[in-house]
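User: I would like to learn how to read this model feature by feature. Please start with the ligand site.

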Amino acid sequence: MKKQKALLIIKPDGVQRGLCGTILKRFEKVGLTIIGFKFMKADAQTVKNHYPENDVWFGKVGQRTLTNYAKKGLDVKKVFGTDDAVAIGKTVKNWLITYFQESPVLVAAVEGYETIEIVRKISGNTIPVLAAPGSVRGDFSHDTIDLANEQNRPLRNLIHASDAVEDGEKEVALWFKPEELFSYKRADEDLMFPPSK
Ligand code: GDP
């Protein structure tokens with residue numbers, strides 16, 4: 001079975017709240033190997049390249065707001081001036097570009113088996129108020145979509161974690177130079193996954 005890579009970013013709210021160590025520890029404890037790690041100021045272009053620039057992604061993000069507003073009977077046009085999911089997604093992306101530059105971010109690349117599944121599970125639902133207890137977003141935030149939208153900002157959900165195998169590879173390559181990535185074996189790896197005889 002092939003290992004997968006994922007990118008983790010402790011976003012500015014996580015950094016400013018002093019939660020870097022607390023959050024990172026959860027990914028180490030589950031057995032993933034940290035293969036890259038740095039503290040940096042994100043520039044607008046990197047954030048722009050990081051989040052997809054296509055209608056599928058814009059639509060997915062916008063739909064999250066539409067679904068939430070429909071559930072609560074709120075008028076989406078009051079905040080966004082439109083009920084078009086793609087247009088809403090584009091607005092959120094612009095908010096993300098500003099938000100990522102609020103303070104330094106901690107960027108880590110991790111590797112292991114089923115890494116994407118694991119990093120998403122530990123991170124929790126995108127909307128903190130819906131994220132399960134025990135997840136990073138569920139334990140350290142209870143931000144809501146309507147409040148975030150009203151304040152013209154992205155959900156402050158502490159962490160980015162790659163969401164698909166191809167994204168993990170692409171995102172690690174976007175944020176790290178090859179010489180910033182390391183290959184080594186954790187001391188407990190053979191205990192977690194005994195080598196075949
Ligand atoms: P993720 O992979 O769980 O981070 O979710 P996405 O890739 O769909 O969205 C990227 C980021 O945009 C999220 O982590 C949130 O910070 C923010 N975001 C997503 N959807 C919304 C939304 O409907 N409203 C607001 N204000 N922010 C959102």
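Analyst: Start with a definition: a residue is near a molecule if one of its heavy atoms lies within 4 Å of it. This is a predicted model, so local features need pLDDT of at least 70, side-chain atom pairs count only at pLDDT 80 or more, and totals for chains, interfaces and linings use all residues. Residues are numbered from 1 along each chain as its sequence is written, and side-chain values use heavy atoms, with hydrogens and water left out.

User: How many residues surround the ligand, and which are the closest?

Analyst: The ligand is surrounded by 20 residues. The closest are Thr65, Thr126, Asn149, Arg153 and Asn157.

User: What is a polar contact? Which side chains make one with an oxygen atom of the ligand?

Analyst: A polar contact is a pair of N or O atoms within 3.5 Å; within protein, one must be able to donate a hydrogen and the other to accept it, and residues adjacent in sequence count only if both atoms are side-chain atoms. Take Lys11: an N or O atom of its side chain is 2.9 Å from a ligand oxygen. For the side chain of Arg137, the distance to a ligand oxygen is 3.1 Å. For the side chain of Asn157, it is 2.8 Å.

User: How much of the ligand does the protein bury?

Analyst: Accessible areas come from the Shrake-Rupley method with a 1.4 Å probe; for residues, only the protein chains shown count as cover. Taken alone, the ligand exposes 550 Å². The protein buries 99% of that.

User: Where does the ligand sit? Which elements give two or more residues to the shell around it?

Analyst: A pocket is found on a 1 Å grid over the protein atoms alone: it is an open set of points with protein on both sides within 12 Å along at least five of seven lines. A molecule sits in one if more than half of its atoms lie within 2 Å of its grid points. Here the ligand sits in the largest pocket. Helices H4 (55–72), H6 (85–99) and H9 (145–150) each give two or more residues to the shell. H4 gives the most, with five residues. Helices (H or I, at least four residues) and strands (E, at least two) are DSSP runs, numbered from the N terminus.

User: Now the helix faces. Why do residues three or four places apart point the same way?

Analyst: An α-helix has 3.6 residues a turn, so residues at that spacing point the same way. In H2 (residues 20–29), the buried residues are Cys20, Ile23, Leu24 and Phe27. They lie on the same side of H2 because they cover an arc of only 95 degrees around the axis. The arc is that of the directions from the helix axis to the C-beta atoms. Lys25 and Lys29 are exposed on the other side of H2. Gly31 follows H2, with a positive phi near 110 degrees.

User: Which residues of H10 are buried, and which are exposed on the other side?

Analyst: In H10 (residues 165–175), Gly168, Glu171, Val172 and Trp175 are buried. Their arc is only 100 degrees around the axis, which puts them on the same side of H10. On the other side, Glu166, Lys170 and Ala173 are exposed.

User: Which loop holds Glu114, and which holds Asn152?

Analyst: Glu114 is in the loop between strand S3 (105–112) and helix H7 (115–123). Its phi is positive, about 50 degrees, although Glu114 is not a glycine. Glu114 is partly exposed, at 38% relative accessible area. Asn152 is in the loop between H9 and strand S4 (159–161). Phi of Asn152 is also a positive value in a residue other than glycine, near 50 degrees. Asn152 is partly exposed, at 47%.

User: Is Ser135 buried or exposed?

Analyst: Ser135 counts as buried, at 4% relative accessibility. Ser135 is in the loop between H7 and helix H8 (136–140). A polar atom of its side chain lies 2.6 Å from the backbone oxygen of Ala132.

User: Last, sequence against space. How far apart are Leu8 and His160?

Analyst: They are 152 residues apart along the chain, yet their C-alpha atoms are separated by 5.4 Å. Leu8 is in strand S1 (residues 4–10) and is buried, at 1% relative accessibility.

Key
Buried < 20%, exposed > 50% of the residue type's maximum accessible area, 1.4 Å probe, protein only. 1 Å grid on protein atoms, 1.4 Å probe; cavity = no way out; pocket = protein on both sides within 12 Å on 5 of 7 lines; lining within 4 Å.
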